[in-house]
Every structure is written in C-alpha cells, then in structure tokens.
Amino acid sequence: MSNRPSLFRSTLMLTGVGLVSQVFGFLYRIVMARLVGAQVLGLYQLIMPAYSVVQSICISGLAVAVSLLSSEYHARKNELALRQLMSSGLRGLVALWLPVALTVLFQSDFIARRLLGDGRTQLGLVLLLPVLLLTGVENLQKHQFYGIGAMRLPAGVELGEQVIRSIAIILLLALLAPEEEAHSVGLIVMGLLVSEIFSSTALTWGRRRRRRARGTELSGKRVEPGRLRRRMAGIAIPVSLTALVGNLMGAATSVLIPKLLMLHGLEQSQAMEAFGILLGMTLPLLMIPTAFINALSLALLPRLTEERELGEMPSFRRTGEKAILSVSYVVLPLIALIATLGPDLGQLLFGEPRVGDYMLPLAVGVGAGCYHAILGCMLNALGKQNQNAAISLFCGALELLLTVALTPTLGLGGFVAGFVCADVLAVVLCLGVAWRSAGLHLDCYRCFSAPVLASLLAGLLVNLGYRLSLDAGASLGWSVLTWGCAGLAAYLGAMAAQGIRPLRVIRLR
C-alpha cells in the first residue's frame with residue numbers, strides 16, 4: 001500500500017497555489033494590457049510559441065521522465081537511484097539546451113523577421129535563452145519532488161515565483177516606461193528571468209537540505225548508467241517529440257493567424273490586435289479553472305505510476321475514473337460560468353468588450369483539453385507514450401489544417417473551429433486507448449451527461465438573472481459576483497436533483 005500523501009489533499013494544495021498564481025498572473029496581465037496595450041501583448045504572444053518549442057526540446061520530456069522514474073524508485077525505496085536520476089537529468093538538460101541556445105542566438109534576426117514575422121521580437125527572443133535554462137533546472141527538481149510525493153516546497157516556490165514575476169514585470173514596465181514595443185517585450189522577459197532565478201535557487205536549496213537530512217547512508221542501489229539513460233530516453237523522446245511537433249504547429253498557427261486575418265480583410269495592426277485579444281485575454285480568462293487540472297495532473301501522474309508499478313490495476317482504474325469525474329464536476333461548471341459572464345468580465349477586467357467574442361465555442365475546446373490532459377497522464381503512466389504522442393500529433397495537425405483552411409473565410413472563427421475539433425477528437429481517441437490498455441470503463445451519465453446538463457441549466461439561470469440585475473441598475477462588479485455565486489449554487493442543486501453529490505463522489509484518497 002502506498003504511503004504517499006492523500007491525492008485529494010495534494011491536489012487541493014496545488015490547486016490553491018495554482019489559483020493564487022493565476023490571480024497574480026491575471027492581475028499582471030491586466031496591468032500589462034493597460035501599460036503597454038494589445039500590440040505589445042500580441043508581440044509577446046508571438047515569442048511565447050518559440051519559447052514553447054525550445055522548452056519542448058530541452059525540458060518537457062526530461063521532466064516527465066524524472067517524475068515517472070522518481071515515483072518508481074520512491075516506491076522501491078531506492079534513494080541512491082533518485083539522486084542518480086537527478087544528476088543524469090541535469091546533464092541531459094545542459095546537453096540539449098546548449099546547441100539550441102547557440103542556434104537561436106546566432107539566428108535570432110532570421111527567426112524574428114522570417115519565422116515570427118516581426119523584427120521587434122528579436123530582443124525578447126534572445127533574453128529568453130537564460131530563462132529557458134533556469135526553467136529547466138526548476139522543472140526537473142520540481143518534478144522529482146512531485147514524483148516522491150513532496151508537494152509543499154515546490155508548491156510554495158511556485159507561488160513565490162508568480163508573485164515575484166508579477167511584481168518584477170510591472171515595476172520594470174512602470175519605472176522604465178519604454179517607448180518602443182521591442183523594449184517593452186524585452187522588459188517582460190527580464191521579469192521572467194528574475195522569477196526563474198528565485199525558483200531554481202530555492203529548489204536547489206531544498207533538494208540539498210533534503211539530502212543532508214537523509215544522511216550519508218542511502219537505501220537502495222545505483223542503476224547502471226547506460227540502462228538509466230536508455231529508460232529516460234524511452235520516456236523523454238516520445239514526450240519531447242509530441243511537445244515539439246505540437247508546439248511547432250502551435251507556433252505556426254500563431255504566426256499564421258495575423259497573416260490569415262489580413263487575407264480576411266483586416267489591416268496588419270487590426271490583425272495583431274485581434275490576435276492579442278484572443279490569445280492574451282480571452283483564452284487566459286477561460287483557462288482560470290485549469291489551475292485545478294494542472295494541480296491534479298502533477299499529483300496524478302506519480303500516483304498512477306506507483307499503482308501500475310505495484311500491480312494495483314483496480315486502484316489505477318478507480319483513481320483514473322475519479323480524476324475524470326473531477327474534471328466534469330469541478331472544472332466544467334466553472335468554465336460554463338466564465339463563458340456565460342465572459343463579455344462583461346472582459347469589459348470589467350481588461351476594458352475590452354471584444355474579449356467575449358468566440359468565448360462559448362472556445363469554452364468547449366478548453367473543457368475537452370482538460371479531459372485530454374488527464375487521459376494523457378493515464379497513458380503516460382501506463383507506458384503508452386507513443387500512442388499518446390501519435391494522438392496529440394494527429395490532432396495538432398488537424399487543428400493547423402482547419403485553421404489555415406477556414407480563417408481566410410471565417411476570420412478568427414476558423415481558428416476556433418480547429419481548436420475545438422482537435423481537442424474533442426483527442427479525448428475520443430485517448431479514451432479508446434485507455435479502455436483497451438487498462439480496462440477503463442466510464443459511466444457516461446455520471447461522467448458527462450449529468451454535469452453537462454447541470455452546467456447548462458446553471459449557465460442559463462445566471463445569464464437570465466444577470467441581465468435582469470443589470471437592467472435593474474445594479475453595478476457590473478456586484479452583478480458578476482452575485483450571479484456567479486448563484487450559478488455555482490444552481491449547479492450543485494441540479495446535480496443533487498440528478499442524484500449526484502460532486503464533492504462526495506470525487507473525493508480522492
């Protein structure tokens with residue numbers, strides 16, 4: 001039996017940290033939008049796909065490998081292998097980062113002007129290189145802590161990192177007040193660098209402190225170095241390739257969207273502004289509830305890996321089913337609530353009424369993406385990284401094709417259609433693999449039908465009451481708060497009427 005801390009408590013703790021981090025991140029986005037405007041946000045969104053591409057090469061696969069193998073060695077009480085694993089991971093990180101960094105450094109002008117389509121992104125692109133290295137150091141250490149069930153230190157560091165990032169970016173922009181857009185983007189990246197210095201240093205200190213507490217006598221035995229490298233590569237390569245190709249497709253989509261919008265009839269400045277609103281305001285607003293999914297994924301992957309390693313497949317299936325139920329019972333109603341209030345939330349928070357455009361269909365895609373994240377954890381824990389990779393790549397290619405085909409005609413609606421179709425298809429395919437590989441059987445009524453119906457009912461009630469409240473002269477902020485709480489109460493009531501009590505069902509031991 002696992003001595004790992006409660007998955008429910010770990011998820012709640014990480015969710016709390018994630019929500020606070022989201023709040024800080026959201027607040028500094030609001031301040032950034034007011035300080036530098038939608039065009040700078042659009043430029044910043046242009047370099048972030050490049051950041052994600054490099055991160056997928058250097059970090060994503062290694063982080064998953066460290067998490068999975070840390071959970072396995074922790075289950076076997078092999079402390080020597082845990083230490084050896086981290087050393088191999090950090091060496092692999094430097095070996096991957098160095099050639100990529102040199103390539104980006106010497107080809108930054110070409111990447112900025114030809115690939116990203118705007119020379120103003122060059123400064124931010126170069127400054128991202130040290131940020132990436134420190135992010136890698138932070139992520140490998142953080143995922144080892146998560147893999148062994150030690151959640152408190154990385155959670156606290158995550159929160160501190162977000163606070164420092166928010167303060168640093170706002171202060172840099174407010175005090176230096178750059179006139180050029182390129183300098184504004186560079187200062188935003190400098191704020192990221194300050195926060196990564198803090199987090200990587202704090203986690204390194206925490207890992208050394210844990211090592212001193214364990215003493216010189218460590219349990220277990222060392223793994224043969226070649227075998228360890230092969231195991232890490234077997235996990236990391238498909239994950240990295242999936243992330244790389246997916247991020248390349250995402251980067252291509254992000255670069256293409258402004259150009260495709262110009263084919264739709266918009267001027268360049270209008271296209272960049274619409275792009276910045278959609279990816280810098282609308283999607284981040286809908287992504288707020290995904291703090292729970294990110295937390296659950298971090299706690300879920302090592303738990304499922306340990307249950308599979310110990311041969312406890314009935315527990316594996318129960319844990320997976322309850323994780324999917326948690327998406328249906330916690331995340332879906334929150335996404336529905338945000339989508340219902342979206343246009344006015346955009347006006348209230350960003351001073352931009354167009355934030356509500358396309359919010360309802362995007363909510364479907366975000367919800368499907370949450371299911372995909374949990375199912376991807378299950379497939380990785382089962383050792384099905386290759387199947388998970390194939391599904392992600394196929395659906396990413398479909399999204400890109402639909403975006404290119406539909407955006408010149410439908411405008412941003414073309415991107416939205418591709419986003420939604422790709423995520424829904426990914427969920428269907430992942431469910432099929434999980435059913436064949438682990439015997440996962442889901443009750444469609446409990447998992448999907450009941451929460452969707454309850455969310456729709458609550459959303460309709462909120463929309464009606466909210467409009468009546470505004471017509472009666474109530475303030476925008478008060479109406480959002482009042483009817484947001486009323487919507488959550490209506491959702492719980494609708495679920496109870498269907499014989500389901502969400503908090504009791506999803507309680508994860």
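This is a predicted model: local features need pLDDT of at least 70, side-chain atom pairs count only at pLDDT 80 or more; totals for chains, interfaces and linings use all residues.
A residue counts as exposed when its relative accessible area is over 50%, as buried when that value is under 20%, and as partly exposed in between. By this rule K77 is exposed, because its relative accessible area is 53%.

K77 is placed in the loop between α1 and α2, the latter spanning residues 79-106. Its backbone deserves a remark. Most residues other than glycine have a negative phi. K77 is not a glycine, yet its phi is positive, at about 60°.

The overall fold comes next. The secondary structure of the protein chain consists of 16 helices and zero strands. The radius of gyration of the chain is 23 Å, close to the 23 Å that the globule rule gives for 509 residues, so the chain is as compact as a globular protein of that length. Taken along the principal axes, the C-alpha atoms fill a box of roughly 70 × 60 × 40 Å. Of the contacts with a separation of 6 or more, 83% are between residues 24 or more positions apart. The chain exposes about 21700 Å², and carbon and sulfur atoms supply 65% of that area.

What share of the 509 residues is buried? Buried residues make up 54% of them. In soluble globular proteins, nonpolar side chains tend to be buried together. In this model the largest nonpolar core has 122 residues, and those with the most contacts inside it are I47, Y73, L286 and I374. Helix α1, residues 7-75, gives the most to this core, with 24 residues. Another core, of 11 residues, lies apart from it and has L325, A454, A458 and A490 among its members.

Leaving aside neighbours within four places in sequence, L286 is in contact with I335, I338, A339, M359, L362, A363 and V366.

Helix α10 covers residues 313-350. A straight helix with its 38 residues would reach 56 Å at 1.5 Å a residue, but the end C-alpha atoms of α10 are only 47 Å apart. Where does α10 have a kink? The kink, of about 70°, lies at G342, shortly before the proline P343. After α10 comes G351, whose phi is positive, near 65°.

The loop between α10 and α11, the latter being residues 359-381, holds Y358. Y358 is another residue other than glycine with a positive phi, near 65°. Its relative accessible area is 33%, so Y358 is partly exposed.

I148 lies in the loop between α4 (122-147) and α5 (152-176). At 9% relative accessibility, I148 counts as buried. I148 and H74 are 74 residues apart along the chain, while their C-alpha atoms are separated by 5.8 Å.

Is C430 buried or exposed? C430 is buried, with a relative accessible area of 0%. Not counting residues up to four places away in sequence, C430 touches H372, L375, L379, N388 and I391. From C430 to L283 the distance is 24 Å, C-alpha to C-alpha, and the two are 147 residues apart in sequence.

Terms used:
Residues are numbered from 1 along each chain as its sequence is written. Side-chain values use heavy atoms; hydrogens and water are left out. A nonpolar core is a set of buried Ala, Val, Leu, Ile, Met, Phe, Trp, Tyr and Cys residues joined through side-chain atoms within 4.5 Å. Buried means under 20% relative accessible area, exposed over 50%, partly exposed in between (1.4 Å probe, protein chains only). Helices (H or I, at least four residues) and strands (E, at least two) are DSSP runs, numbered from the N terminus. Contact means heavy atoms within 4.5 Å. The expected span of a helix is 1.5 Å times one less than its number of residues. The bend at a residue is the angle between axes fitted to the seven residues ending there and the seven starting there. The radius of gyration is taken over C-alpha atoms; the globule rule is 2.2 Å times the number of residues to the power 0.38. Accessible areas come from the Shrake-Rupley method with a 1.4 Å probe; for residues, only the protein chains shown count as cover.
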